[in-house]
Amino acid sequence: MALATAQAGHMPQLPDVRRILADSRLYWLVLPAFVFFLIFFVIPTVSLFLISFDKSVAGVVDIQWDFTLKNYIRFFNRSLYYEAAIRSIGLAAIVSVVTLALGYPLAYFVAKTRHPGRNTFYMILVLSAMQLDMVIRLFGLMVLMGDNGVINGILRDIGAIREPLPLMYNFFGAVVGLVQFTLPFMVLSLIGIIRSIHPSLEEAARSLGANRWTTFWRITFPLSMPGILAGTLLVFAISISSYVVPALMGGWKVIVMPLHIYQQIAEMGKWQFGATIAVVLFVTSMIAVYIYQRFAARTAGGRA
Amino acid sequence: MSDVELSSLTKRFGETLAVDDVSLRVEEGEFFSLLGPSGCGKTTTLRMIAGFVRPNEGQVFIGGEDMTLLPPEKRGIGIVFQNYAIFPHMTVFDNIAFGLKMRKVPKREIRGRVGKALEQVNLDGYERRYQRELSGGEQQRVALARVLITEPKILLLDEPLSALDKKLREEMKYWIKGLQHSLRITTVYVTHDQGEALTMSDRIAVMNQARVVQIGAPDTIYEHPADRFVTDFIGESNILEARIAAVGGNECRIAVGGVEFAVPPRDGIEAGQAVGFVVRPERVLIGPAAQAIDGTRLTATVIDRSYQGAIIRYRMQLEGQEIVAEVPNRPDQPDLADGAEATIGWTVASGELLVD
């Protein structure tokens, strides 16, 4: 008994030290990713942010520490640039909506497939869409949608059209390209959430007098809000920052912000102004995401 | 309120037969249980009544109307699930109001009726809570209120107590039965717990391997089980291997090892036939109690004694077979040590023959 009390009196200090040791041991797990992120993301992003305030000199990449707001004033005074910002948001928003509309039924179908073998097969099918490099897939789309492509060829052969339909090198083409690229991200975000909705919730709604359609809109859809939110935000972020798709599918006619950034930096050598556009792009998309999230959270009944 | 009739209901899932030719009738206002081990087809049967599963063969009638092909929302049923299925994105109020909204009941009327329903299940003041703020017992009562407010023709309960802890389960058992009794609502109750089924039901259908094995009142099922499965599944039982020694008129005697005694006769047996003899442990009397009754008296040896508080349980040897006796822990009962010899006995009516 005496021994036990002596030990008990001793105990409180020991676990504290151990706990701190154990905690710091856990931090080591984060360290490699943290260092990588710091070197290859935070530092370049911060320097980009800094040079966006620098005096614009063609060909100069270094930080000159000569800060001014001139680049920003120029951006917001030229319709060429701020219209690109609006176009970027519009494109990303439309792609998010279209991807959700196409992706939700697909994700629902896969999630409701209880047969384990078939389920794995569908998952592989969804993932296989992500296996080819984006540029290669876009060339495939060009073969399909070009003026002399498969679709226009067939329509011309059956006499439905005389002039080719403008399927690409325009806004429509960019949307199709981005939807094709982002659809798997949307579907994967949704499958897990839809699957986690217990079937008895839908059955309870049915037994209380709701038909399939009402049950979907009152139960299934609101309960998949976290997945819808994650999926649309992911698709929005990918779309608003995409350079390759608008460049190839839009044929430099759909001028979104990433194209301006590329042009300023790669073609004109104006790193400072390119950086300004990048910062505006980043801030705009953060604001758009914030507004959207507030709105969506309200419709989800405070659950998302 | 209505009765339920199932006629030759059969359901196959791929190769496996989940429900095989089940026919039964639940009377108006009756508390009817489907009792059986997991995988016996009781839940599938309930889900066919609800309309979530479409039978391969047979029909479902509710209130005399053929409901076999109707979707769940057109059957006028209410169902409470094992996990209660409270909509997590809605408040308690919206959960309970859901059925009324679907029926396009005016808003003002909904408010009043939801309030009354919450009172009925002792949850007034819970309107604005969410599912995550409710205990298991509260969730169950919300689930019941949500169903009862729609005044369903029949109430279906799918193992509603199995997720609760023991004490609450006991409490809810009587509470649900009381509620059902006062509403006189036709109820089909699915459970694997024989205690629940015996306490709550007016009648029980025992199911095994996709078929209904026996239908009857709790005392009939308990005291006159139809076969070895029911005997084994409902309560604890002694099944002794025996042989018919003599049959004639209203008398029947069987032999267990070297002893012979009388049992209640039953049809279709003949002398020399191998049978099972059933007697419940609480019907096996020991010592003076066994001497006092008019019936069978035998000598057995105690293998071991286990103290269980309110009762004392003896595992005994009788003619080379094992027999269990449970006697009340009372001063008028003998206290036997391991290895002791004792007189045991039971009334003739306490025994039951099993013919395989």
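At roughly what angle do the axes of helix H9 (residues 199-207) of chain A and helix H10 (residues 212-223) of chain A cross? In this predicted model, local features need pLDDT of at least 70 and side-chain atom pairs count only at pLDDT 80 or more, whereas totals for chains, interfaces and linings use all residues. Residues are numbered from 1 along each chain as its sequence is written, chains are lettered from A and ligands numbered from 1 in the order in which they are written, and side-chain values use heavy atoms, with hydrogens and water left out.

Chain A has 14 helices and 0 strands, where helices (H or I, at least four residues) and strands (E, at least two) are DSSP runs numbered from the N terminus. The axes of H9(A) and H10(A), which are lines fitted to C-alpha atoms over the stretch in contact, with angles running from 0 to 180 degrees between N-to-C directions, come within 9 Å and cross at roughly 145°. In this pairing, Leu201(A), Glu202(A), Ala205(A) and Arg206(A) of H9(A) meet Arg212(A), Thr215(A), Ile219(A), Thr220(A) and Leu223(A) of H10(A), contact being defined as heavy atoms within 4.5 Å.

Of the 304 residues of chain A, 38% count as buried, that is, under 20% relative accessible area with a 1.4 Å probe and protein chains only. Leaving aside neighbours within four places in sequence, Phe87(B) is in contact with residues including Leu201(A), Ala205(A) and Ile219(A).

Methods
Buried means under 20% relative accessible area, exposed over 50%, partly exposed in between (1.4 Å probe, protein chains only).
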